[in-house]
Amino acid sequence: MKLIFETGQEGRRCTILPNLSVPEYILENDLQRKQELMLPCVSETEVSRHYTALSNRVHGVNNGFYPLGSCTMKYNPRINDEAAGLPGFTNIHPMQPEHTAEGCLEVLKEAEELLCEITGMNAMTFQPAAGAHGEFTGLLLMHAYHTKRNDSKRTRILVPDSAHGTNPASAAMVGYTIVNIPSTEHGLVDLEALKAALTPEVAGLMLTNPNTLGLFDKNILEITRLVHEAGGLNYYDGANLNAIIGRARPGDMGFDIVHLNLHKTFSTPHGGGGPGSGPVGCKEFLSGYLPGHRVKRENGNHFQLPSDESIGRVKMFEGNFLVVVRALTYLLTIGKEGAADISGTAVLNANYMMKKLADTFTVAYPGICMHEFVLSLENVKEEHHVSALDFAKAMQDYGMHPPTMYFPMIVHEALMLEPTETESKETIDYAVLVMKELYTAAEKDPQKLKDAPFSQPVRRLDEVAAARKPVLTYDFTQV
Amino acid sequence: MTDLKFTRTHEWVKYTENKKAKVGLTDYAQQQLGDLVFINLPEEGDAVTAKETFCDVESVKAVSDVYSPLSGTISSVNEDLMDAPELINEKPYEAWIAEIEDITDTADFLTEEEYEAFIKTKA
């Protein structure tokens, strides 16, 4: 397929602009571009065909099953987009006078209130653009808290070995040293190791609960108490909130700060369709440090106030505002009772799928899982030299997106599956059938899996060459 | 290979002249990691501590820490790996990562036979 720069002709344009109705203004010389802007020269027909062709080559949740573990690839209802497309939300500018966009402030306030109720927090910012950005922001709050108390010795962040890779990365970005806490054989935080790591240098703990093995840590109250007693704060990574939404709240578990992934749990576009949104909530004692302005409500009016103690802003204006509109639409659509149905069905679907696969595949941590579970293909790799990667590629030929691979890192040849609550029993049954067929194929005809995929726009990609010799920019001299 | 010593974290150590030692990753380690695409090498003059991270390697699967088998000072690093981390995949026992001098402490070493037995228990 051609790139958009390789289609069209010099001078071709897309839009017919109306005549200018205001006087033309010429920018001063030093503000003008010196170099011509490299833009594709294409007609609207060509643009339309180009993007339609691209959309035919991707797999989204609208195409089929998408069990990408820890990513919560649920279906996003169209009504969210309808709300986000309302002119009152789209024809606004962040610099216009506040009182002319009060409806937008009300959206932020209402979303903040509902999400605080769901998480057990007291205040929230919508500035962070995605999950890892939220982690970074949350850790800045933690840092501001310790700094305010003149407690400068706290330089360490505790992260369990089952954590998302972004947790240690975010902590490192803030300048913290990461201390890894091992898991027990049951996949939970090792309490003795935690106690040993809780030195006076610990600023806090980052935890995902349920964790990336799909297990809810039953010692959570003990864990957060121990961290608090040692003077640290508890940070909740909301990536897996879908498993507990409407049933348990991070705030009640002893967490002080949370980030949410609106693009996971709250049904807003995810991945290439983004943008994401990673709001950060906190308990009252940290609320003054939040970035940006706080939306206040008084006598039905909405306005914004700055905070003197704020860490400053982490993104322009109100973050990805239209994503918040979508998430609020979702919340208002499902209602309070519906929230518990999300987690209930998500957990039921995951357990159903895990049980159906358990007679063929090795479940890494057997028992009852939460919203996701992890298989280990180590035995298949050893006996038939078919890896988790080969399996993932072969699944593409059956109209489904591969699961998360090689994660969490404490499970070898891992495949991590999260069916989500929006998949039907028939879809899950079909996926189970396919995976069992592939298992049989791995035993009888391993080469078939090694050569997969067969049906995709491209065959097996050379991941090693892509990583060693990446081509990251387009060479315009080729045109 | 009998002059090599091994660690439970899958590094090898080879003592060289002048009480220095070269360290690298074992064949088992490179197999488990898969094709390496990047190595974050230590720097000459860095003080390293036995059993603590001194380098990391990136494969298409993940980034992994490499633990120093020795306490001492880095006397030289294998710059060739910067452009060609795949040397570790191709010849793990020739592709040394760093040479360490002024050695003051070591990790618990295994002999080749002990290491072979150890990785069997991992499988």
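This is a predicted model: local features need pLDDT of at least 70, side-chain atom pairs count only at pLDDT 80 or more; totals for chains, interfaces and linings use all residues.
The crossing of helices H4(A) and H11(A) is left-handed, and the residues that make the contact between H4(A) and H11(A) divide into 13 nonpolar, no polar and one charged.

**Helix H4(A) against helix H11(A)**

- The axes of H4(A), which covers residues 102-119, and of H11(A) come within 10 Å and cross at roughly 45°, and H4(A) and H11(A) are therefore oblique to each other.
- On the side of H4(A), the contact is made by Cys104(A), Val107(A), Leu108(A), Glu110(A), Ala111(A), Leu114(A) and Ile118(A).
- On the side of H11(A), the residues that take part are Phe321(A), Val324(A), Val325(A), Ala327(A), Leu328(A), Leu331(A) and Ala339(A).

**Helix H11(A) against helix H14(A)**

- Helix H11(A), residues 321-357, also has an axis that comes within 10 Å of the axis of helix H14(A), residues 425-444, and these two axes cross at roughly 30°.
- Because an angle under 35 degrees counts as roughly parallel, H11(A) and H14(A) are described as roughly parallel to each other, and their crossing is right-handed.
- From H11(A), the residues Asn349(A), Tyr352(A), Met353(A), Lys356(A) and Leu357(A) meet Ile428(A), Val432(A) and Met435(A) from H14(A).
- By class, this contact of H11(A) with H14(A) consists of six nonpolar, one polar and one charged residues.
- Val432(A), which is found in helix H14 of chain A, is in contact with Met353(A), Lys356(A) and Leu357(A) when its neighbours within four places in sequence are left aside.
- Val432(A) and Met353(A) are 79 residues apart in sequence, while their C-alpha atoms are 7.0 Å apart in space.
- With 18 C-beta neighbours inside 10 Å, Val432(A) counts as partly exposed.

**Ser376(A) and Glu413(A)**

- Ser376(A) lies in strand E11 of chain A, which runs over residues 373-376, and with 18 other C-beta atoms within 10 Å this serine is partly exposed.
- Not counting residues up to four places away in sequence, Ser376(A) touches Thr362(A), Ala364(A), Val411(A), His412(A), Glu413(A) and Ala414(A).
- Ser376(A) and Ala388(A) are separated by 12 residues in sequence and by 8.1 Å in space, taken from C-alpha to C-alpha.
- Glu413(A), one of the residues that Ser376(A) touches, is found in the loop between strand E12 (404-405) and strand E13 (414-417) of chain A.
- Although Glu413(A) is not a glycine, it has a positive phi of about 50°, and with 23 other C-beta atoms within 10 Å it is buried.

**Further backbone features of chain A**

- Ser267(A), a residue other than glycine, likewise has a positive phi, with a value near 55°, and its place is in the loop between helix H10 (262-265) and strand E7 (280-282) of chain A.
- Ser267(A) counts as buried, with 26 C-beta neighbours inside 10 Å.
- The peptide bond from Asn209(A) to Pro210(A) is cis, with omega near 0°, and Pro210(A) is placed in the loop between strand E4 (202-207) and helix H8 (220-229) of chain A.
- A cis peptide bond also leads from Ala452(A) to Pro453(A), with omega near 5°, and Pro453(A) has its place in the loop between helix H15 (446-451) and helix H16 (463-468) of chain A.

- Chain B has four helices and nine strands, and from the N terminus on its elements follow the order β-β-β-α-β-β-β-β-β-α-α-β-α.
- For 123 residues, a compact globule would have a radius of gyration near 14 Å, and the 13 Å of chain B agrees with this.
- The C-alpha trace of chain B spans about 35 × 35 × 20 Å along its principal axes, and 34% of the 123 residues of this chain count as buried.
- When contacts in chain B between residues at least 6 apart in sequence are considered, 60% of them join residues at least 24 apart.
- The contact between the chains takes six residues from chain B and seven residues from chain A.
- The side of chain B that touches chain A has, by class, four nonpolar, no polar and two charged residues.

Conventions
Residues are numbered from 1 along each chain as its sequence is written. Chains are lettered from A and ligands numbered from 1 in the order in which they are written. Axes are lines fitted to C-alpha atoms, for helices over the stretch in contact, and angles run from 0 to 180 degrees between N-to-C directions. Angles under 35 degrees count as roughly parallel, over 145 as roughly antiparallel, 65 to 115 as roughly perpendicular and the rest as oblique. A crossing is left-handed if the near helix is turned anticlockwise from the far one by less than a right angle, and right-handed if clockwise. Two residues are in contact if their C-beta atoms, placed from the backbone, lie within 7 Å. Ala, Val, Leu, Ile, Met, Phe, Trp, Tyr, Cys and Pro count as nonpolar, Asp, Glu, Lys and Arg as charged, and the others, Gly among them, as polar. The radius of gyration is taken over C-alpha atoms; the globule rule is 2.2 Å times the number of residues to the power 0.38. A residue is buried if 20 or more other C-beta atoms lie within 10 Å of its own, exposed if 12 or fewer, and partly exposed in between; C-beta atoms are placed from the backbone.
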